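Take a pencil, look at the chain, and try each task before you read its solution.

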Amino acid sequence: MQKHHHFEVAVIGGGISGCALFFVLSRYTDISSIALFEKYEEVATINSNAKGNSQTLHCGDIETNYTLEKAIRTNKTASMLERYIKLFGYENKYAFKTPKMALGVGEKEVAYIKKRYEDFKNDFSYMQLLNKDQLKEKEPSLIEDRDTNEDIAAMWTDTRISAVDFGEISKTFIQNAKEEDKQTEVFLNTEIEKIEEIGDKFILHTKKGEQFYSDYVVVNAGAHSLLFAHSMGYGLDYSVLPIGGSFYYTDLDKLKSKVYTIQNPKLPFAAVHADPDIVQDFKTRFGPTAIALPKLQRYKDKHFIEFLESLSPSSEVLEVFYDLLKDDDIRDYIAKNVMYEIPGIREKMFVKEIKKIVPTITEDDIYFAEGIGGLRPQVIDKKNKKLLLGEAKIDTKKGIVFNMTPSPGATSCLGNALGDAKLACLHLEKEFRWLKFNKELIY
Ligand SMILES: Cc1cc2nc3c(=O)[nH]c(=O)nc-3n(C[C@H](O)[C@H](O)[C@H](O)COP(=O)(O)OP(=O)(O)OC[C@H]3O[C@@H](n4cnc5c(N)ncnc54)[C@H](O)[C@@H]3O)c2cc1C
């Protein structure tokens, strides 16, 4: 038997992006009926789960690949999530003020950290510049056994929320959205198989054979978003390159802080960092690694055909690969990251990377974190033959939007939701409650 339902807005995908949008639409707009469709039994089981990402609220203060301008922009959206966490009382439950730092090792990197501190201190006035002796007090294992001639310095703070269980926060978005006096429905175990555009409306066909009608649709289905777009003739200038990220654990209770290392600006993916795991007591994670994978989800299902469809190989895609591979640094980086996945040698190879953080650590102290890690849908802009480093949106301006949200997509979930809620209100001629939004979520 077929069910028929109609909603003003349908959100496809119950990761943190979809859940945040569901909340923002429900609490801050006068849109009266909103549906969220998630193919698995719970929301946030993939990249937004605490196991799938580094659990870091990226404020721009320790992310050395961000320019000051980008850091200020990222900080704005991170602050929204920080405000939300405080407003609803989730601090010390799902979010913590774990100390954090950007660490520079050696003369060149120390000079870089000092300069960055000067450049950032007006906008990030809570950051402190720590020298070797001060670091020794905060994190002795950074200094223990380090070459006495090797200088180190860090930009450090313990004043901001820095570690977040984005999976649990996703669930709170759903609970809080449902508190509003609206028709808000979450359909779990409901995979959308096809979206049909009929005039200015949409029919969502589920794998179980049900149909749902919607006036506006936002597709937040991770790496699958582009597949939906392609199937409807949109976003044909984009491809998705799925980049898997793995982690290593140590059970040694060595670090209290998140320690981020300095990034090579040529490398599009994050440098390895150390993160005390907030859901696995007494374990520290090192990672993520970065490896291109022929699938759209890291651990659930294989999706090889779907991978090919969303990569849609072409001469432009090959040109982007060629440009990446002709750079020595990038070639080395790719080769190293392949080795970090090979059982038997991976611990031995990877430990070299993290000795920069904890000089005393050995290969016997670490192990590959099985089942931990996720996949970043990095987007290739075929027209401009470029790998895009951040998020990508396809706004058709016809009532359907497709989002691809690699890092720092969990941090910027409320900022992205705000953008999509504004688009939905504009299209449906609905009101966005700016006063309430600003009062609650903007500092
Ligand atoms: C290794 C790694 C480390 C990271 N670290 C950080 C970090 O520290 N901080 C940070 O801010 N970001 C981090 N990120 C990025 C962050 O995890 C993602 O940006 C974020 O989780 C994306 O959320 P999303 O909701 O867009 O996608 P996802 O979490 O992937 O959710 C997509 C959802 O759509 C559902 N779905 C897919 N297809 C369908 C369909 N047909 N029908 C119904 N449902 C469907 C899926 O089941 C899934 O639940 C990291 C990512 C990786 C891989």
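Predicted model: local features only at pLDDT ≥ 70, side-chain atom pairs only at ≥ 80, totals over all residues.

**Exercise 1.** In which loop is Pro408 found?

*Solution.* Residues are numbered from 1 along each chain as its sequence is written.

Step 1: Pro408 sits in the loop between strand S20 (400–404) and H12. Helices (H or I, at least four residues) and strands (E, at least two) are DSSP runs, numbered from the N terminus.
Step 2: Ser407 and Pro408 are joined by a cis peptide bond, with omega about -5 degrees.
Step 3: look for another case. The bond from Gly287 to Pro288 is cis as well, with omega near -10 degrees, and Pro288 belongs to the loop between strand S15 (284–287) and strand S16 (291–292).

**Exercise 2.** Describe how helix H1 (residues 16–28) packs on helix H12 (residues 413–428).

*Solution.* Two packed helices are described by the angle between their axes and the distance between the axes.

Step 1: for H1 and H12 the angle is about 55 degrees and the axes are 8 Å apart. Here axes are lines fitted to C-alpha atoms, for helices over the stretch in contact, and angles run from 0 to 180 degrees between N-to-C directions.
Step 2: this angle makes H1 oblique to H12. Angles under 35 degrees count as roughly parallel, over 145 as roughly antiparallel, 65 to 115 as roughly perpendicular and the rest as oblique.
Step 3: the residues in contact (C-beta atoms, placed from the backbone, within 7 Å) include Ala20, Leu21 and Val24 of H1 and Ala417, Ala421 and Ala424 of H12.
Step 4: sort the contact residues by class: twelve are nonpolar, two polar and one charged. Ala, Val, Leu, Ile, Met, Phe, Trp, Tyr, Cys and Pro count as nonpolar, Asp, Glu, Lys and Arg as charged, and the others, Gly among them, as polar.

**Exercise 3.** Which residues are closest to the ligand?

*Solution.* Step 1: the closest are Gly13, Gly15, Gly222, Gly245 and Gly409, out of 40 residues that surround the ligand (a residue is near a molecule if its C-beta atom, placed from the backbone, lies within 6 Å of it).
Step 1: find the elements. H1 and strand S17 (366–381) each supply at least two residues of this shell, and S17 gives the most, with four.
Step 2: by class, the shell has twelve nonpolar, 24 polar and four charged residues.

**Exercise 4.** Where does Asp145 lie?

*Solution.* Step 1: Asp145 is in the loop between helix H5 (140–143) and strand S6 (152–157).
Step 1: check its backbone. Asp145 has a positive phi of about 65 degrees although it is not a glycine.

Definitions and conventions
Contact = placed C-beta atoms within 7 Å.
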